[in-house]
Amino acid sequence: MIPVPAGVRIWIATGHTDMRKGMQGLALLVQEGLGRDPFGGDVFVFRGRAGTLIKALWHDGIGLSLYAKRLDRGRFVWPATVDGAVALTAAQMSYLLEAIDWRNPQHTWRPQSAG
């Protein structure tokens with residue numbers, strides 16, 4: 001998990017993003033496309049067209065960090081809206097990184113008996 005301090009806002013950019021972009025390209029997308037400050041301490045998460053790769057951009061006050069995760073199987077759950085950003089909590093971000101539906105998390109298995 002990204003070592004994000006408490007109180008940091010997490011935004012996911014809706015739609016899909018060109019995953020060839022690096023730090024500077026994504027920072028420019030945050031600034032011009034989302035109308036937010038990429039150096040303000042918030043985390044911005046982007047997803048590629050195929051849905052198997054996400055990138056997270058975060059400025060911690062010292063420098064810009066870029067994190068990436070690619071799934072071997074399945075896809076990351078993403079909002080259906082086309083433009084803008086959706087705010088997430090840290091718990092929802094954890095679900096997102098584990099490829100769990102962060103909008104409605106479900107237990108996948110529960111024991112039926114103790115013995």
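The legends below describe close-up views of a predicted model of a protein.

**View 1. Overall arrangement of the predicted model.** The protein contains 2 helices and 5 strands. Read from the N terminus, these elements follow the order β-α-β-β-β-β-α. Of the 115 residues, 35% count as buried. Among contacts in the protein with a separation of 6 or more, 59% are accounted for by residues 24 or more positions apart. The protein exposes about 7400 Å², and 51% of this area is supplied by carbon and sulfur atoms.

**View 2. The nonpolar cores.** The largest nonpolar core has 16 residues, and those with the most contacts inside it are Ile-12, Val-43, Val-45, Met-93 and Leu-96. Two or more residues of this core come from each of strand S1 (10-13), strand S2 (43-47), strand S3 (53-59) and helix H2 (90-97).

View 3. S2 is largely enclosed by the rest of the structure, because 5 of its 5 residues are buried. Val-43, Val-45 and Arg-47 point one way from S2, while Phe-44 and Phe-46 point the other way. The residues on both sides are all buried. S1 pairs with S2 in the parallel sense, over 3 bridges. Within this pairing, Ile-12 stands opposite Val-45 of S2. Both Ile-12 and Val-45 are also among the residues with the most contacts inside the largest nonpolar core.

View 4. S3 is mostly covered, with 7 of its 7 residues buried. Leu-53, Lys-55, Leu-57 and His-59 lie on one side of the strand, and Ile-54, Ala-56 and Trp-58 lie on the other. S2 and S3 pair in the antiparallel sense over 5 bridges. The bridge partner of Phe-44 in S3 is Leu-57. The hairpin formed by S2 and S3 has 5 residues between the strands, and Gly-51 takes a positive phi near 85 degrees there.

**View 5. The hairpin of S3 and S4.** S3 also pairs with strand S4 (residues 64-70), in the antiparallel sense and over 7 bridges. The bridge partner of Trp-58 in S4 is Ser-65. In this hairpin, 4 residues stand between the strands, and Gly-61 takes a positive phi near 100 degrees.

View 6. His-59 lies in strand S3. The residue counts as buried because its relative accessibility is 14%, which is under the 20% limit for that class. Leaving aside residues up to four places away in sequence, His-59 touches Pro-38, Phe-39, Gly-41, Asp-42 and Leu-64. One of these neighbours, Asp-42, takes part in a salt bridge with Arg-9.

**View 7. Ala-27 in helix H1.** Ala-27 is placed in helix H1. With a relative accessible area of 4%, Ala-27 is buried. Leaving aside residues up to four places away in sequence, Ala-27 touches Pro-38, Leu-57 and Leu-64. Ala-27 and Phe-44 are 17 residues apart in sequence, and their C-alpha atoms are 9.0 Å apart in space.

**View 8. The two salt bridges.** Side chains of opposite charge can pair when their charged atoms come close. A search of the whole structure finds 2 salt bridges. In one of them, the side chains of Arg-9 and Asp-42 meet at 3.3 Å, N to O. Arg-9 lies in the segment before S1 and Asp-42 in the loop between helix H1 (23-33) and S2, so this pair ties together parts that are 33 residues apart in sequence. Asp-42 counts as buried, at 11% relative accessibility. Asp-18 forms a salt bridge with Arg-20, and their closest N and O atoms are 3.0 Å apart. Asp-18 is partly exposed, with a relative accessible area of 33%, whereas Arg-20 counts as exposed at 76% relative accessibility.

Methods:
Residues are numbered from 1 along each chain as its sequence is written. This is a predicted model: local features need pLDDT of at least 70, side-chain atom pairs count only at pLDDT 80 or more; totals for chains, interfaces and linings use all residues. Side-chain values use heavy atoms; hydrogens and water are left out. A nonpolar core is a set of buried Ala, Val, Leu, Ile, Met, Phe, Trp, Tyr and Cys residues joined through side-chain atoms within 4.5 Å. Buried means under 20% relative accessible area, exposed over 50%, partly exposed in between (1.4 Å probe, protein chains only). Contact means heavy atoms within 4.5 Å. A salt bridge is a side-chain nitrogen of Lys or Arg within 4 Å of a carboxyl oxygen of Asp or Glu. Accessible areas come from the Shrake-Rupley method with a 1.4 Å probe; for residues, only the protein chains shown count as cover. Two strands pair if DSSP finds at least two bridges between them.
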